[in-house]
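Colleague: Before we use any of the names for this fold, could we go through them one at a time and set each against its definition?

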Amino acid sequence: MIVRIMGEGQVRLADGHLAELNKLDDELLAEMENGDGPGFRRTLQALLTRVRDLGEPLPDDSLEPSELILPSPDATLEEVRELLSDDGLIPG
């Protein structure tokens, strides 16, 4: 799966990591629903860090279609809300 982090680039991520990332996504969704700004920021950073750690960066000149787009590390709660689907940021 190709994942884009807005403002950073793309990584190739094995589908087997989605369950772990979904746990962080669920936490993020709950914090957003509760208006927990500090928790939201902390969990968003943890999610993006995990994607970077688990993924293999693609070259900057690569033009692969992204299957998943994640917000930038400095995205606001409102900006992330606009990216959400019924499943959160990560499907499944």
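Modeller: Let us begin with the words strand and pair: helices (H or I, at least four residues) and strands (E, at least two) are DSSP runs, numbered from the N terminus, and two strands pair if DSSP finds at least two bridges between them. This is a predicted model, in which local features need pLDDT of at least 70 and side-chain atom pairs count only at pLDDT 80 or more, while totals for chains, interfaces and linings use all residues. Residues are numbered from 1 along each chain as its sequence is written, and side-chain values use heavy atoms, with hydrogens and water left out.

Colleague: How do you know that β1 and β2 pair, and in which sense?

Modeller: Strand β1 (residues 2-5) and strand β2 (residues 9-12) share four bridges, where at least two are required, and the sense is antiparallel. Among the partners, Ile2 is bridged to Arg12, Val3 stands opposite Val11, and Arg4 has Gln10 as its partner. Three residues lie between the strands of this hairpin, and there Gly7 takes a positive phi near 85°.

Colleague: What makes the pairing of the sheet mixed?

Modeller: The order is β3-β2-β1-β4 in an open sheet of four strands. While β2 and β3 pair in the antiparallel sense over two bridges, with Val11 opposite Pro57, β1 pairs in the parallel sense with β4 (residues 68-70) over three bridges, and Ile5 stands opposite Leu70 there.

Colleague: Why is one side of β3 and of β4 left without a neighbour in the sheet?

Modeller: β3 (56-57) and β4 stand at the edges and each has a single partner strand, so one side of each has no neighbour in the sheet.

Colleague: Why are α1 and α2 called roughly antiparallel?

Modeller: Axes are lines fitted to C-alpha atoms, for helices over the stretch in contact, and angles run from 0 to 180 degrees between N-to-C directions. The axes of α1 (residues 18-33) and α2 come within 9 Å and cross at roughly 160°. Angles under 35 degrees count as roughly parallel, over 145 as roughly antiparallel, 65 to 115 as roughly perpendicular and the rest as oblique, and therefore α1 is roughly antiparallel to α2.

Colleague: Which residues make the contact of α1 and α2?

Modeller: Contact means heavy atoms within 4.5 Å, and the residues that make it include Leu24 and Leu28 of α1 and Phe40 and Leu47 of α2.

Colleague: What makes Arg52 and Glu8 a salt bridge?

Modeller: The term asks for a side-chain nitrogen of Lys or Arg within 4 Å of a carboxyl oxygen of Asp or Glu, and the side chains of Arg52 and Glu8 meet at 2.7 Å, N to O. Arg52 lies in helix α2 and Glu8 in the loop between β1 and β2, so the pair ties together parts that are 44 residues apart in sequence.
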